[in-house]
Amino acid sequence: MAAPIDLELKKAFSELQVKMIDTQQKVKLADLQIDQLTRVQKHTKLTHAEITTLPDNTRLYEGVGRMFILQSKEDINNQLMDKQKTADEKIKELEQKKVYLERSVKEAEDNIREMLMSRRTQ
């Protein structure tokens with residue numbers, strides 16, 4: 001009777017290990033994406049701060065590929081604010097995803113602990 005229990009535990013541990021590795025990779029990816037988005041946020045804040053100090057009649061250009069397009073100060077400010085909002089939203093989504101992944105791994109670990117405890121009491 002010990003052999004089927006050992007096989008079940010071995011299978012559960014291997015599944016947990018696969019899940020842990022997969023989750024760790026997803027968490028690292030989410031961390032990298034959050035870092036990139038925070039850099040985008042800093043860049044947009046600095047650019048916005050510099051643009052607000054310029055006089056209203058200043059000619060501003062937006063880089064598009066290898067060329068530059070004349071844009072109004074208001075248009076560039078709106079684009080920067082939109083970029084800031086989308087970065088904020090994506091960061092919130094990624095943080096929620098990280099919490100969910102960490103919680104799912106913890107639940108899997110708890111399930112295996114319960115399985116071990118139930119096997120010991122038998």
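Colleague: How many helices and strands are there in the protein?

Modeller: The protein has 2 helices and 2 strands, where helices (H or I, at least four residues) and strands (E, at least two) are DSSP runs numbered from the N terminus. Their order from the N terminus is α-β-β-α. This is a predicted model, in which local features need pLDDT of at least 70 and side-chain atom pairs count only at pLDDT 80 or more, while totals for chains, interfaces and linings use all residues. Residues are numbered from 1 along each chain as its sequence is written, and side-chain values use heavy atoms, with hydrogens and water left out.

Colleague: Where does UniProt place the "coiled-coil region"?

Modeller: The unreviewed UniProt entry puts that feature at residues 73–111; the positions follow the numbering used here, feature names are shortened, and annotations may be inferred rather than shown by experiment. In the model this span is 100% helix and 0% strand, and its end C-alpha atoms lie 57 Å apart.

Colleague: Does K98 count as buried or exposed?

Modeller: Buried means under 20% relative accessible area, exposed over 50%, partly exposed in between (1.4 Å probe, protein chains only). K98, in helix α2, counts as buried because its relative accessibility is 19%. Across the protein, 23% of the 122 residues are buried.

Colleague: Which residues does K98 touch, not counting those up to four places away in sequence?

Modeller: A contact means heavy atoms within 4.5 Å. With that sequence exclusion, K98 touches V27, A30, D31 and I34. A108, also placed in helix α2, is buried at 15% relative accessible area. Under the exclusion of residues up to four places away, A108 touches L16 and K19. A108 and A12 are 96 residues apart in sequence, yet 9.2 Å apart in space, C-alpha to C-alpha. Among contacts in the protein with a separation of 6 or more, 71% join residues 24 or more positions apart.
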